[in-house]
Amino acid sequence: MIQGFAELSMYTAPERVAQASETWLARIVEVLGAQRLQGALDLPELWLSNQLLLAQTCGYPLMTLLRGKVRLIGRPAYELPNSADGLHCSLLVIRADDPRRSVADFLGSHGLVNSEDSNSGMNLLRHTVAPLQQNGRFFSQVSLTGGHRHSLRWLKERRGDIAAIDSVTFDYLARDASEEVRGLRILARTAHGPCLPFITSLSIDVAQAEVIRHAMNQALSDLPDVAQALAISQVLAAHQDDYQILLDYERQAAEQGLPSLAF
């Protein structure tokens, strides 16, 4: 029997998304005839565990921290306003009452970033503002908030001026009429990139990883209400080369004079 840690904890809001993720995961494990191990692991520990069965990670750490240390299973195809065909973007979000109308208007402003290793919150933001930098800086101040939902709250509390929010997170919240996005507006969209990948341990071989992907799709088919809540039509096959574009965005930003957002 296959056994291992299985967690889908990258998208936890609104509540019905968290509940749907857990229901989906339980059905995946059932289809696989697997045993789910329990443990209190933080995300890097979970991702790097040799007992990892299934988790979702961010594309940027996949190509940095996790490169060569995990096996790709696939990537989700979301059906949301700003995500489709296995691609998503970041939304540059500001307060609705902010009179500024272009990204260039935010030169010298206070940027909010969920974490330094986030593709959606940092890498895509850096790529977007790099052509506009002056003397190696775009923001006069950058603060780490600890999460996309924290970034939204900080914006509303006027603790920063602009944040790059993962489009799946924002669309989930907007779809369910959450207070968390009320009073905010989308200023611009970043370049697209592949959606957050599903991974397993290297101890799981390529054929087994494909079995897991098929189980994920079987579970979506078995649970149409869950698939609708998650807005996932299918889990697509994925390859590391799909995520090279994220490192290309990093390189392009550096070539344009902005190797770092200067935390």
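**Close-up 1. Pro14 and its cis peptide bond.** Pro14 is found in the loop between strand β1 (3-6) and helix α1 (15-32); helices (H or I, at least four residues) and strands (E, at least two) are DSSP runs numbered from the N terminus. The peptide bond that joins Ala13 to Pro14 is cis, with omega at about -5°. Before you zoom in further, note that this is a predicted model, in which local features need pLDDT of at least 70 and side-chain atom pairs count only at pLDDT 80 or more, while totals for chains, interfaces and linings use all residues. Residues are numbered from 1 along each chain as its sequence is written, and side-chain values use heavy atoms, with hydrogens and water left out.

Close-up 2. Asp85 has phi near 60°, a positive value in a residue other than glycine. You will find Asp85 in the loop between β4 (70-78) and β5 (87-88). With a relative accessible area of 66%, Asp85 is exposed (buried means under 20%, exposed over 50% and partly exposed in between, using a 1.4 Å probe and protein chains only). Arg158 also carries a phi near 60°, again positive in a residue other than glycine. The loop here is the one between α5 (148-156) and β9 (162-166), and Arg158 counts as exposed at 53% relative accessibility.

Close-up 3. Cys89 lies in the loop between β5 and β6 (90-95). At 1% relative accessibility, Cys89 counts as buried. Leaving aside neighbours within four places in sequence, Cys89 is in contact (heavy atoms within 4.5 Å) with Asn82, Leu124, Ile165, Asp166, Ser167, Arg189, Thr190, Ala191 and His192.

**Close-up 4. Ser120 in helix α4.** Ser120 sits in α4 (residues 119-129) and is buried, with a relative accessible area of 6%. Not counting residues up to four places away in sequence, Ser120 touches Ser90, His148, Ala164 and Asp166. With His148 there is a side-chain to side-chain polar contact at 3.0 Å. A polar contact is a pair of N or O atoms within 3.5 Å; within protein, one must be able to donate a hydrogen and the other to accept it, and residues adjacent in sequence count only if both atoms are side-chain atoms.

**Close-up 5. Helix α4 against helix α9.** The two helices, α4 and α9 (residues 244-255), pack at an angle of about 45° with their axes 8 Å apart. That makes α4 oblique to α9. Axes are lines fitted to C-alpha atoms, for helices over the stretch in contact, and angles run from 0 to 180 degrees between N-to-C directions; under 35 degrees counts as roughly parallel, over 145 as roughly antiparallel, 65 to 115 as roughly perpendicular and the rest as oblique. From α4, Asn119, Asn123, Leu124, Arg126 and His127 meet Leu246, Tyr249, Glu250, Gln252 and Ala253 of α9.

**Close-up 6. Glu180 and Arg149.** Glu180 is in the loop between α6 (167-175) and β10 (184-189). Its relative accessible area of 23% makes Glu180 partly exposed. The side chain of Glu180 makes a polar contact with that of Arg149 (3.0 Å). Beyond neighbours within four places in sequence, the contacts of Glu180 are Arg149, Leu152, Lys156 and Leu173. Glu210, 30 residues from Glu180 along the chain, has its C-alpha atom 37 Å from that of Glu180.
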